Amino acid sequence: MFVCGYHFPASEGNDVSFDKVIAKVEEGLDAAGKSVVLTSETREGALLEEITVAEGTFAHKALVDYYNNAEVADKDGFKMMYYTNKYQISEISKSVDGDATKDLCKKLDDMNLYRIKVA
């Protein structure tokens with residue numbers, strides 16, 4: 001099973017504990033002082049909005065981790081975020097970040113495309 005890009009034993013099935021995922025994401029990660037910006041766009045590429053993610057939240061750490069591990073950036077330094085990753089990050093963030101990322105998680109649960117940039 002892969003959650004947030006990390007492999008977990010098949011014996012855990014779809015019931016991988018959020019604590020285990022959070023520990024994997026935070027392992028060796030230095031997200032302090034980094035800004036995370038997401039852009040939301042339609043399938044046709046029309047920009048809908050720019051979203052800044054609150055530092056210190058799981059969503060912030062997971063997005064920094066995702067950015068660090070994603071391979072290809074566009075000319076502006078943005079990297080495409082794939083559906084599975086955004087849904088998984090949203091689900092965990094809803095549980096551990098509460099109101100701090102409530103609005104962000106609603107957006108990540110939609111079908112729009114997202115690009116991420118960390119500076």
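Analyst: Axes are lines fitted to C-alpha atoms, for helices over the stretch in contact, and angles run from 0 to 180 degrees between N-to-C directions. Helices (H or I, at least four residues) and strands (E, at least two) are DSSP runs, numbered from the N terminus. This is a predicted model, in which local features need pLDDT of at least 70 and side-chain atom pairs count only at pLDDT 80 or more, while totals for chains, interfaces and linings use all residues. Residues are numbered from 1 along each chain as its sequence is written, and side-chain values use heavy atoms, with hydrogens and water left out.

User: How are α1 and α3 oriented to each other?

Analyst: Angles under 35 degrees count as roughly parallel, over 145 as roughly antiparallel, 65 to 115 as roughly perpendicular and the rest as oblique. Here the axes of α1 and α3 come within 11 Å and cross at roughly 110°, so the two helices are roughly perpendicular to each other. Their contact (heavy atoms within 4.5 Å) is made by F18, V21 and I22 of α1 together with E91, I92, S95 and V96 of α3.

User: What span does α3 have, and which of its residues are buried?

Analyst: The expected span of a helix is 1.5 Å times one less than its number of residues. Helix α3, residues 83-96, has 14 residues and reaches 20 Å from its first C-alpha to its last, close to the 20 Å expected. Buried means under 20% relative accessible area, exposed over 50%, and partly exposed in between (1.4 Å probe, protein chains only). In α3, the residues N85, K86, Q88, I89, S90, I92 and S93 are buried, and the buried residues of this helix pack against elements including β1 (2-3), α2 (58-69) and β6 (113-118). After α3 comes G98, whose phi is positive, near 60°.

User: Is H60 buried or exposed?

Analyst: H60, which lies in helix α2, is buried, with a relative accessible area of 1%. Leaving aside residues up to four places away in sequence, H60 touches A31, K34, V36, V53, A54 and E55.
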